[in-house]
Amino acid sequence: MISLGTVELVELLSREEIDCDDKTFSRIITLFLQERLLSEEELANGILVSLPSVKRWAQGTNLPRLHVRRSICEALAHMITQRLRRRN
């Protein structure tokens with residue numbers, strides 16, 4: 001069964017133009033972690049960043065630049081699609 005948090009995450013990441021403002025980006029990172037789709041370490045390894053970076057992003061501090069956030073959101077959209085396919 002898919003939780004409401006996962007539904008929100010899919011909705012945020014499935015838009016044609018993913019909104020990667022500060023608040024939305026932090027929400028996406030937080031949802032990935034809360035829904036246990038990935039651990040902080042898996043998320044960091046999956047998008048090739050340090051673990052402290054993921055922790056700061058989840059807290060909404062020290063976010064990457066907008067063009068980098070867009071790339072990360074695209075990678076996360078791909079990751080969640082793969083995870084959900086494996087669950088079914």
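Glu-8 is partly exposed, with 29% relative accessible area (buried means under 20%, exposed over 50%, partly exposed in between, using a 1.4 Å probe and protein chains only). This is a predicted model, where local features need pLDDT of at least 70 and side-chain atom pairs count only at pLDDT 80 or more, while totals for chains, interfaces and linings use all residues. Residues are numbered from 1 along each chain as its sequence is written, and side-chain values use heavy atoms, leaving out hydrogens and water.

So who does Glu-8 pair with? Arg-27: the two form a salt bridge, with the closest N and O atoms 2.9 Å apart (a side-chain nitrogen of Lys or Arg within 4 Å of a carboxyl oxygen of Asp or Glu). Arg-27 lies in helix α2 and Glu-8 in helix α1 (residues 4-13), so the pair ties together parts 19 residues apart in sequence (helices are DSSP runs of H or I, at least four residues, numbered from the N terminus). Arg-27 is partly exposed too, at 34%.

Now look along α2 itself, residues 22-34.

Asp-22 is partly exposed at 45%, whereas Arg-69 is buried at 9%.

Notes: Helix = DSSP H or I, 4+ residues; strand = E, 2+ residues; numbered from the N terminus.
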